[in-house]
Amino acid sequence: MALEPAQLGAARGAASTNKVKDGDRIALAVTTANNVPIFDSTAGRAFWRTYRQAQEAGKKEQDAVPCLCCGKEKAPVLTSEKLMGVPDGQPSGTSLLSFDKDSFQSLGWDQNKNAPVCAECSLAYTRGLNHLLLRNNVPRTRVDQGGVAFQFWLDSGSAGDFVENWLEQPDSEEAERLLSAVRTGQLPPGAPDRRLFALGLRGNGGRAVVTDWFDTSLADAYRNLARWFDDLAVQLLFDEKEKGTVYAKAGALSRRPRLWVLCRATAREDKEVSTRTPTALFRAALRGEQLPLVIAQACIRRLPLDGFGDFFTPARIGLIRCTLNRRSSGERNLMPGLDPDNNQPAYLCGRLLATLEAIQYAGVGDVGANIVDRFYGKASTAPALVFGPLLTLAQSHLGAIDNDGQRVNLDRELSEIIGRLEPDLPRTLTLEAQGRFAIGYYHQKAHRFAEIRRRRDERAAGTSPSGTQE
Ligand SMILES: [Zn+2]
């Protein structure tokens, strides 16, 4: 390309200003009138695309087979570009398609001809995924949980604030506004026509492993999310706080939980969250599917360990409730708070343990390891073995309560629960029943705490008769 004298003069001037020395390299850029490099201009891109297509079309026509992505008869590429940033993958990148050993190849096909994708589609999917895998995209396109990177997008392009609103900050005002609209049958503009996609990727050496793939209508996703958060709600035992700010008061319904909080509820530490957990949660949240029993099992296992209080987190109880309700075949659904008409034996046994705990506290105060610390495990798996002696113990605790009103109230509560139970308590409880036990225990305790607060407030307002406090 010949330079015009004026351009040559400008180049010499720039070289002198920048003190170019012998041996320095100079790069020339050809730009449009608006200073856009020509291959970044619309015309430049169109030229390059046509040129490359012509080149591909002329190449090995005899190899042309239907492309797995676009279905057109084209010569497949032998290797694809690497995906960057897939968890546990090689730092140099991972491949979604790779047939690098003879044993992976069939019928004499070479490399990626075993899963033929044309050059254009190969570039499109690798570059698209590499964009979605970026960690600093705004709005976010990627969520990492349980060692899996999930990428979200819509058929129209970006999934906008979807990840932020529903997985990271489902308690935001924006999420609340959307959810209220969805509940009344109003979907966000455009949602009924859109499809939502999500891909879960995990690395294994040089390969990217697809752990899950979602394809659902955005309208269904919104409707399922509304149901999901309803199914997870539980009445709070304590205030829900974060960094000193109270977000939901004790006695109210729990906040909509974030994805990582739910994952964390199933394990002792983040790194112990099963790789299958986030996938199961996404399926349940976005597609309205059942939660596998292992989710409730993981939560139930955490309950009696190490100590109480902290282990009955709203997310954990919410997950047990959601798992059981979605899997129940005709049984009475578990409510967010105490259900006095639920006569399931396991639920009643859980309520009974909470009442016995309250009687012990009222009678003998804080005794260090109380009956729940000592017997929760056995009571929730083999009630018939434990409750006999505990009921005998309760009689002496009741006798030790000084406040008559409190003793009468607790005795009445105890009789009310026992009256609903068959004389022979269950010998063993299945995993599902252990979940109902946990929720019965939690509900009774949350109910008591709410009652105590109500009476305290009434006393403060001077409207309560004296002698009924607990
Ligand atoms: Zn193609």
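Which residues have the most contacts inside the largest nonpolar core? They are Leu319, Ile320 and Ala438, and the core has 98 residues. This is a predicted model, in which local features need pLDDT of at least 70 and side-chain atom pairs count only at pLDDT 80 or more, while totals for chains, interfaces and linings use all residues. Residues are numbered from 1 along each chain as its sequence is written.

**Domains**

- The domain assignment of the chain gives domain 1 (142-325) and domain 2 (347-461); such bounds come from an automatic or database domain assignment.
- Between the C-alpha centres of domain 1 and domain 2 there are 32 Å.
- Domain 1 puts 18 residues into the contact and domain 2 puts in 17 residues. Two residues are in contact if their C-beta atoms, placed from the backbone, lie within 7 Å.
- On the side of domain 1 that touches domain 2, the elements giving two or more residues are α9 (293-302) and α10 (314-327). Helices (H or I, at least four residues) and strands (E, at least two) are DSSP runs, numbered from the N terminus.
- With 5 residues, α10 gives the most to that side of domain 1.
- The residues on that side of domain 1 comprise 13 nonpolar, 4 polar and 1 charged. Here Ala, Val, Leu, Ile, Met, Phe, Trp, Tyr, Cys and Pro count as nonpolar, Asp, Glu, Lys and Arg as charged, and the others, Gly among them, as polar.

**The largest nonpolar core**

- A nonpolar core is a set of buried Ala, Val, Leu, Ile, Met, Phe, Trp, Tyr and Cys residues joined through C-beta atoms within 7 Å. A residue is buried if 20 or more other C-beta atoms lie within 10 Å of its own, exposed if 12 or fewer, and partly exposed in between, with C-beta atoms placed from the backbone.
- In the core of 98 residues, the largest share, 10 residues, comes from α11.
- This core lies between domain 1 and domain 2, because both give residues to it.
- In soluble globular proteins, nonpolar side chains tend to be buried together.

**Helix α10**

- The 14 residues of α10 should span 20 Å at 1.5 Å a residue, and its end C-alpha atoms are 20 Å apart, so the two agree. The expected span of a helix is 1.5 Å times one less than its number of residues.
- Of the 14 residues in α10, 11 are buried, including Arg316, Leu319, Ile320 and Leu324.
- Among the elements that cover the buried residues of α10 are α6 (218-232), α7 (259-265), α9 and α15.
- Leaving out residues up to four places away in sequence, Leu319 touches Leu232, Leu262, Ala265, Ile295, Ala296 and Cys299.

**Gly435 in helix α15**

- Gly435 sits in helix α15 (residues 431-461).
- Gly435 counts as buried because it has 29 C-beta neighbours inside 10 Å.
- Setting aside neighbours within four places in sequence, Gly435 is in contact with Ala296, Ile300, Ile320, Thr323 and Leu324.
- Gly435 and Leu324 are 111 residues apart in sequence, yet 7.5 Å apart in space, C-alpha to C-alpha.

- Helix α8 (residues 276-287) is mostly covered, with 9 of its 12 residues buried; among them are Phe282 and Leu286.
- Just after α8, Gly288 has a positive phi of about 70°.
- Helix α11 (residues 345-364) reaches 28 Å from its first C-alpha to its last, close to the 28 Å expected.
- In α11, 16 of the 20 residues are buried.
- Gly365 follows α11 and has a positive phi, near 70°.
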